[in-house]
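Hi,

Here is the structure I promised to pass on.

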Amino acid sequence: MNKSRYYTKTAFMGIVNNRLMSISSILTIGCCLFLFSVFLLFTLNINFIGEQIKSQCEIQAYIDMEIDGDEALAIQTEIDAIPNVKDTVFESKEKAFENYSEQLGGNSVALEGLASEDFLRNSVKITLVDLTLAQETAEQVAEVEGVAEVMNHQDTVDNVLNATTYIQSASFIIMLILMVVSLFIISNTIKLSVASRASEIHIMKFVGATNWFIRWPFIIEGVLIGLLGSLLALLVTYLGYIPLYKSVTDAFSLLKLCSPASVSGLLIPLVIAFGCFMGALASTVSTTRHLKV
C-alpha cells in the first residue's frame with residue numbers, strides 16, 4: 001500500500017512538475033483519439049444506414065385484378081409460409097391509390113375521375129430474412145396461385161449488399177492504419193516527456209533503485225495522461241456528434257444515425273482503454289531505454 005501511494009503520488013507530481021510536456025502529451029493523445037473516435041462513429045453509422053436500406057428492400061407481389069377480399073388475404077397467408085419470408089404487409093387497391101396520390105402531390109388532379117379499381121391491384125409487400133436469396137424467394141412467390149406479377153429489385157439489393165461489404169472491409173483496414181499511426185505518434189510524444197527526465201532516472205538507478213521501482217510512477221503517469229487525453233477526445237467528439245445527430249434526425253425522416261446513447265457502450269470504453277494502454281505502453285518502452293546505464 002505504501003508503495004502504491006508513493007507510485008501514484010510521484011506520478012501526479014511528475015505531471016504537475018512537467019506540466020508543459022504533460023499538456024503536450026495530453027493534447028496529442030486527445031487529437032489522435034478524436035480522429036479515431038470520428039472514424040469509428042462514421043463506420044458505425046455507415047453500417048447502421050446500410051442495415052436500414054437493406055431492411056427496406058422488399059419484394060412486391062401483385063394479385064390478379066379479379067381477386068379481392070378474403071381470397072386476397074388468403075394469398076398473403078400463403079406467401080407468409082414461404083421459408084425466407086420475414087414479414088408481409090397487405091396493401092389494398094384503395095391504400096395504393098392513396099399512396100400514389102400523395103406521391104404525385106400537386107399533380108394528383110390527373111387522377112380525378114379515376115377509381116382505384118380502374119388501374120390498381122391489391123399487393124403484398126414482402127420483407128426477407130436473407131436478401132441474398134431474393135431471386136429464389138421471388139420465384140417461389142410467383143408460383144403462388146393468384147399472384148399475377150412479382151417485382152423484385154434484385155439489382156438494388158445486390159448493390160446495397162456489395163456497398164456494405166466494401167465499406168466494412170475498407171473501414172477495418174483504415175481503422176488498423178489509424179491505430180498504428182496513433183500508436184506511433186502517442187509513443188513518440190511520451191518518449192519525449194520521459195527523455196526530458198532521463199537524468200532523474202539515471203540518478204535513481206545509481207543510488208540502487210530497482211528497475212520496476214523506477215518504472216511504475218512513469219507507467220501510472222502514462223496511464224493518467226492517456227486517460228485525460230481520451231476524456232478530452234470523447235468530450236469534443238460528443239460535443240460535435242450530438243448536434244449533428246439532432247440536425248440529421250430533424251432534416252431527414254427516412255435517414256437515421258446511431259443515437260449517442262447507442263454508441264456510448266462501445267465508443268467510451270474502447271477510446272479510454274486505447275488511450276490508457278497506449279500511455280502505459282509508451283511509458284514502459286521509454287523508461288526501459290534509459291534504465292540501461
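**What turned up**

Leaving out neighbours within four places in sequence, T137 is in contact (heavy atoms within 4.5 Å) with I59, I82, N84, V85 and L128. T137 sits in helix α6, residues 134-142 (helices are DSSP runs of H or I, at least four residues; strands are runs of E, at least two; both are numbered from the N terminus). T137 is also buried, at 1% relative accessible area (buried means under 20%, with a 1.4 Å probe and protein chains only).

A word on the source: this is a predicted model, where local features need pLDDT of at least 70, side-chain atom pairs count only at pLDDT 80 or more, and totals for chains, interfaces and linings use all residues. Residues are numbered from 1 along each chain as its sequence is written, and side-chain values use heavy atoms, without hydrogens and water.

Now the sheet. It is open, with 4 strands in the order β2-β3-β1-β4 and antiparallel pairing (two strands pair if DSSP finds at least two bridges between them). β2 (85-91) and β4 (147-152) are the edges: each has a single partner strand, so one side of each lacks a neighbour in the sheet. Between β1 (58-63) and β4 there are 5 bridges, and I59 has N152 as its bridge partner in β4.

Elsewhere, N45 belongs to helix α2, residues 19-56, and is buried at 7% relative accessibility. N45 and C258 are 213 residues apart in sequence, yet their C-alphas are 5.9 Å apart in space. Beyond residues up to four places away, N45 touches Y241, L257 and C258.

Cheers

Technical notes. Buried < 20%, exposed > 50% of the residue type's maximum accessible area, 1.4 Å probe, protein only.
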